[in-house]
Amino acid sequence: MKHRLIITFGLSTLVCAVVAATALGGGKGRLYQFRGEVGSASQTSVAVTVEGGNHAALKALIGQAQTESFTLGSRSEVLVYSQGVPHVGSAAELHPGDNVTVNVRAHGGASLAELLATPLATIGDHGANGGHPARALFLYVGTVAGPQSGGHVALHVVSGNWRGLRTMLGAPVDQAFSYSDGTIFLLWQGKVPTVIDPAQLKAGDRITVRVRAPRSATLAQVEATPATHVGEHEPGEVETKTT
């Protein structure tokens with residue numbers, strides 16, 4: 001009986017591992033996960049404006065454009081989520097503006113060109129609102145006040161959207177915002193964004209910091225939440241439209 005219990009437990013663990021691997025785009029190689037919005041899609045490719053991802057994916061993007069085209073192959077799986085429940089779909093269900101998670105498997109240290117040429121393992125389509133209707137945008141505009149350390153960006157705040165500025169009432173203009181491996185850093189040259197490493201930010205650089213948090217979040221709660229992305233020299237109209 002004891003041996004049967006051990007075998008049963010082992011089989012259950014194996015099944016859970018298989019399910020987990022499938023959900024992450026299981027297979028051989030390292031997982032490169034990109035998150036963003038669909039620009040366009042066909043039966044063979046999907047263009048995504050990347051807004052985040054895991055460390056391996058964002059490292060491969062450094063120095064490259066924010067919008068990239070991923071390959072859809074015969075074994076690529078499209079998972080369409082409805083109220084949090086996925087079903088197997090098709091490329092025809094990938095619509096512009098949909099929030100997606102792209103999983104690509106490749107060897108460690110793969111270049112972006114290699115990742116784009118490798119048929120993606122899975123792409124999860126979470127719809128136009130990304131499944132997070134309760135999370136609001138807190139936007140802050142300012143200048144880098146010092147070097148990054150411990151996963152934080154020191155910011156001298158000069159502007160922002162209404163929600164961001166509301167949290168600043170009565171607070172010092174110098175604040176520190178969190179970032180993580182999933183935060184994307186963008187350098188804007190004109191209207192073209194290029195992915196950069198956070199270490200490239202220098203004191204005095206003008207940046208925008210975007211954080212998604214509950215609508216009632218305090219400044220402390222916003223600062224403790226890793227930013228979704230940080231933009232350097234983002235076009236000036238962003239400030240006037242969101243202030």
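Predicted model: local features only at pLDDT ≥ 70, side-chain atom pairs only at ≥ 80, totals over all residues.
Residues are numbered from 1 along each chain as its sequence is written, and side-chain values use heavy atoms, with hydrogens and water left out.

Strand β14 covers residues 229-232. Helices (H or I, at least four residues) and strands (E, at least two) are DSSP runs, numbered from the N terminus. From β14, H229 and G231 point one way, while V230 and E232 point the other way. All of these residues are buried, a term that denotes under 20% relative accessible area, as against over 50% for exposed and values in between for partly exposed (1.4 Å probe, protein chains only).

Two strands pair with β14, pairing being assigned if DSSP finds at least two bridges between the strands. Strand β11 (residues 184-189) runs parallel to β14 and is joined to it by four bridges. Strand β13 (residues 206-214) pairs with β14 in the antiparallel sense, also over four bridges.

The loop between β14 and α6 (237-242) contains H233. H233 counts as partly exposed because its relative accessibility is 35%. Its phi is positive, about 55 degrees, although H233 is not a glycine. Most residues other than glycine have a negative phi.

Elsewhere, strand β7 (residues 122-125) includes D125. The side chain of D125 does reach the backbone nitrogen of G127, at 2.9 Å. Leaving aside neighbours within four places in sequence, D125 is in contact (heavy atoms within 4.5 Å) with several residues, among them V80, H95 and N99.

A91 is found in the loop between β5 (85-88) and β6 (99-106). A91 counts as buried because its relative accessible area is 10%. Apart from neighbours within four places in sequence, A91 is in contact with A41, S42, Q43, L72 and V78. A91 and V80 are eleven residues apart in sequence, and their C-alpha atoms are 9.9 Å apart in space.

Notes:
Polar contact = N/O pair within 3.5 Å; in protein donor to acceptor, adjacent residues only side chain to side chain.
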